[in-house]
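Here's a quick briefing on a structure you'll want open in your viewer. Have a look first, then read on for strands, sheets and charged pairs.

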Amino acid sequence: MGGVGDDEPASKRMKLSSEELRHLSNGSTLKEPIVRSTRDLMARPLQSEGGEEVFGPKGIIKKVEFVRIIAKALFSLGYVKSGAHLEEESGIALHSSLVNVFMKQILEGDWEGSVVTLNNIGLTDEMTIKSACFLILEQKYFEFLDEEKVTDALKTLRTEISPLCINDSRVRELSLFIVSPSRCFSVQSPKQDTSRARSRTKLLEELQKLLPPTVMVPERRLEHLVEQALVLQRDACMFHNSLYKEISLYADHQCARDQIPSYALQILQVHTDEIWSLQFSHNGKYLASSSNDCSTIIWEVDANGVSLKHKLSGHQKPLSSVSWSPNDHQLLTCGVEEVVRRWDVSSGECLHVYKKAGLGMVSCGWSPDGNWIFSGVNDKSISMWELDGKELECWKGQRTLKISDLEITSDGKHIISICRETAILLLDREAKVERFIEEDQTITSFSLSRDNRFLLVNLLNQEIHLWSIEGDLKLVSKYRGHKRTRLIIKSCFGGLKEAFIASGSEDSLVYIWHRGTGELIEALPGHSGAVNCVSWSPANPHMLASASDDRTIRIWGLNKPSTKKKDTHSNGIHHCNGST
Amino acid sequence: MGRLFVVNLEGKVYSCKHCKIHLALVDDIVSKSFQSRHGKAYLFSKVVNVSAGEKEDRMMMTGLHTVVDIFCIGCGSIVGWKYEFAHEKGQKYKEGKSVLERFKVSGPDGSHYWVSHETHGGSDADDV
């Protein structure tokens with residue numbers, strides 16, 4: 001079998017049936033642990049230093065524990081006979097006989113008996129014994145209440161529960177149940193939201209969590225361990241970008257590169273100057289691009305690809321940014337130190353122009369309910385407007401810079417903008433609290449994750465930093481490789497569960513990193529000028545758009561030889577120049 | 001050329017002679033006794049809105065230094081150089097600092113500097 005380092009003579013190894021051998025060779029990648037451990041099941045167990053028998057190639061699995069969790073899993077699967085047979089054959093009982101008695105007593109409601117057994121099981125921690133007693137007696141109390149035996153319940157509370165002298169607040173809550181049973185929806189204890197007793201099986205589960213795992217093996221322990229390994233494999237998989245890729249137990253999971261969009265499926269050539277901003281709508285059905293040519297284009301995304309829907313003209317200055325309304329029906333566009341315009345997506349009509357006398361807008365964003373818009377102003381303030389143009393609020397002072405992006409979290413609470421050369425302001429506008437992300441280098445742009453928990457920050461020194469902004473502000477990862485020396489280059493989150501980071505670059509490549517490991521996985525050539533911005537479709541993890549100084553937008557996708565259209569060029573790239 | 005990332009300085013500013021982009025603050029001048037091919041040059045602790053060229057070892061008036069030429073990001077014209085590494089111990093204070101040629105920048109009052117006729121061949125100085 002080509003095993004590494006196993007010197008056992010063949011006679012000691014039991015013969016594997018041909019069916020088992022087939023399973024082993026099917027999908028095995030010779031990654032040591034998985035394949036070899038199946039074979040080692042037949043091998044003689046080793047002796048660890050501690051004296052306990054160990055199991056498995058690394059000698060770190062305790063055999064007794066392993067057998068017990070397998071037995072537990074067999075019982076959970078309903079294979080009671082197999083579970084019992086395993087206990088017999090291995091000589092290792094899942095639970096001691098006392099524990100079995102205890103479990104039976106709980107399920108039968110023999111409260112006095114169970115308390116006695118509990119004290120005999122041999123627990124060392126007195127607090128655990130008391131807490132377990134509390135749970136049992138609490139159940140007794142509730143069952144009395146359910147049977148309307150109020151005096152018995154009261155007696156239990158007074159003479160059995162109270163003397164335990166633990167959890168006094170819960171004791172007080174329990175007494176309230178007698179006073180007004182119908183009204184009691186306890187806010188403090190979420191597990192008890194009716195005054196009825198929960199099932200005895202539930203009680204057993206709670207006790208299992210309380211008692212040490214050596215006494216009672218926790219529910220679903222083997223499943224938990226297996227899932228943990230699978231999740232770790234999936235998270236380490238650098239190319240994992242498809243929902244339907246199942247993870248098998250037979251071999252360590254590793255996707256091939258083919259799920260990462262790396263083929264230019266379309267080149268959109270309509271803008272007449274550099275494109276500086278690009279953004280898919282929330283539903284992925286539209287793409288907005290804005291340009292130095294003072295126009296914004298709304299593109300429509302459907303099964304046939306990306307096509308031009310509207311060209312929005314009206315700005316007198318180049319566009320700095322765009323922002324989709326939460327329901328994707330409207331679009332905000334901002335001219336560089338000019339005005340903010342609000343457009344209707346289906347008609348292409350300009351619905352409103354927002355301006356401030358003597359000042360220019362630098363960024364724009366929507367409130368999550370779509371009723372207000374925000375914009376950064378070139379006097380460093382941030383304004384908030386009603387849709388009809390009435391200015392509601394203005395945060396003055398050092399709130400935003402001329403080159404800053406603007407984001408509002410989807411709970412509407414936080415406004416995010418670059419407020420100083422090396423700092424990003426997170427302004428909680430309700431609590432009026434300010435937090436700052438402080439960097440050592442100048443910040444050039446940033447991007448907010450869809451779940452609002454992370455911020456991707458682009459720095460002057462060509463690094464991209466990932467910050468966690470939920471709770472404490474923490475630097476999580478750094479991404480390097482792209483080029484930035486003079487321009488504002490934007491980056492974004494994307495792919496399945498936003499597991500990837502994409503960025504533009506001054507060397508005309510589109511860079512893609514695996515977010516979790518920080519590894520650079522793609523640098524896509526094609527553009528003939530600096531790639532200023534990228535946007536990954538929120539609806540389609542296989543569609544990435546990039547826009548460049550070369551005036552084009554590239555739509556990147558998977559290499560699928562799918563629909564061939566009449567006007568496709570021989571290299572398979574579909575060009576769209578806006579003519580119908 | 002893309003959307004330039006421009007840092008705007010506040011205070012008395014030296015800017016690029018051609019495109020007026022801010023380069024450095026008067027407050028950040030470390031020394032005015034430097035020289036370049038075009039005459040006077042100032043050493044600054046901080047310069048913004050420049051991009052750097054390739055690292056080069058250059059023999060200057062005060063010894064061997066590793067420098068990079070710096071270019072205005074707006075118009076690309078060379079405006080001076082930055083010290084990356086000083087080979088002599090006494091010159092270490094220059095590391096990380098940048099020199100702007102007076103000829104290439106407009107002063108805070110908008111003034112320009114004209115190349116004097118006795119330009120030296122050498123660059124550098126501060127001490128001899």
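Strand S5 (residues 275-280) of chain A is joined to S6(A) by five bridges, and the two run antiparallel. This is a predicted model, so keep in mind that local features need pLDDT of at least 70 and side-chain atom pairs count only at pLDDT 80 or more, while totals for chains, interfaces and linings use all residues. Residues are numbered from 1 along each chain as its sequence is written, chains are lettered from A and ligands numbered from 1 in the order in which they are written, and side-chain values use heavy atoms, with hydrogens and water left out.

**Around S6 in chain A**

- Strands here are DSSP runs (E, at least two residues), helices likewise (H or I, at least four residues), numbered from the N terminus; two strands pair if DSSP finds at least two bridges between them.
- Ser277(A) sits opposite Ser290(A) in S6(A), and Ser290(A) also stands opposite Thr296(A) in S7(A).
- S7(A) covers residues 296-302 and runs antiparallel to S6(A), with five bridges joining the two.
- Five residues separate the strands in the S5(A)/S6(A) hairpin, where Gly284(A) takes a positive phi near 70 degrees.
- The hairpin of S6(A) and S7(A) has four residues between the strands, and Cys294(A) in the turn has a positive phi of about 70 degrees.
- Why is S6(A) largely enclosed by the rest of the structure? Six of the six residues in this strand (286-291) are buried, where buried means under 20% relative accessible area, exposed over 50% and partly exposed in between (1.4 Å probe, protein chains only).
- Both faces are covered: Tyr286(A), Ala288(A) and Ser290(A) are buried on one side, Leu287(A), Ser289(A) and Ser291(A) on the other.

**An open sheet in chain A**

- Four strands make an open antiparallel sheet in the order S13-S14-S15-S16.
- S13 (361-366) and S16 (391-395) of chain A are the edge strands, each with a single partner, so one side of each has no neighbour in the sheet.
- From one strand to the next, the twist averages 20 degrees, using axes that are lines fitted to C-alpha atoms (for helices over the stretch in contact) and angles from 0 to 180 degrees between N-to-C directions.
- S14 (residues 372-377) and S15 (residues 382-386) of chain A run antiparallel and share five bridges; Gly376(A) stands opposite Ile382(A) in S15(A).

**Salt bridges**

- The count over all chains is 29 salt bridges, meaning a side-chain nitrogen of Lys or Arg within 4 Å of a carboxyl oxygen of Asp or Glu.
- Lys140(A) pairs with Glu112(A), with the closest N and O atoms 2.9 Å apart.
- That pair links distant parts of the chain, 28 residues apart: Lys140(A) is in helix H7 (residues 126-146) and Glu112(A) in helix H6 (residues 111-120) of chain A.
- Lys140(A) is buried at 7% relative accessible area, whereas Glu112(A) is partly exposed at 47%.
- Glu112(A), Lys140(A) and Glu160(A) are linked in a salt-bridge network.
- Over in chain B, Lys92(B) meets Glu95(B), with 3.2 Å between the closest N and O atoms.

**Chain B overall**

- Chain B has zero helices and 10 strands.
- Buried residues make up 48% of its 128 residues.
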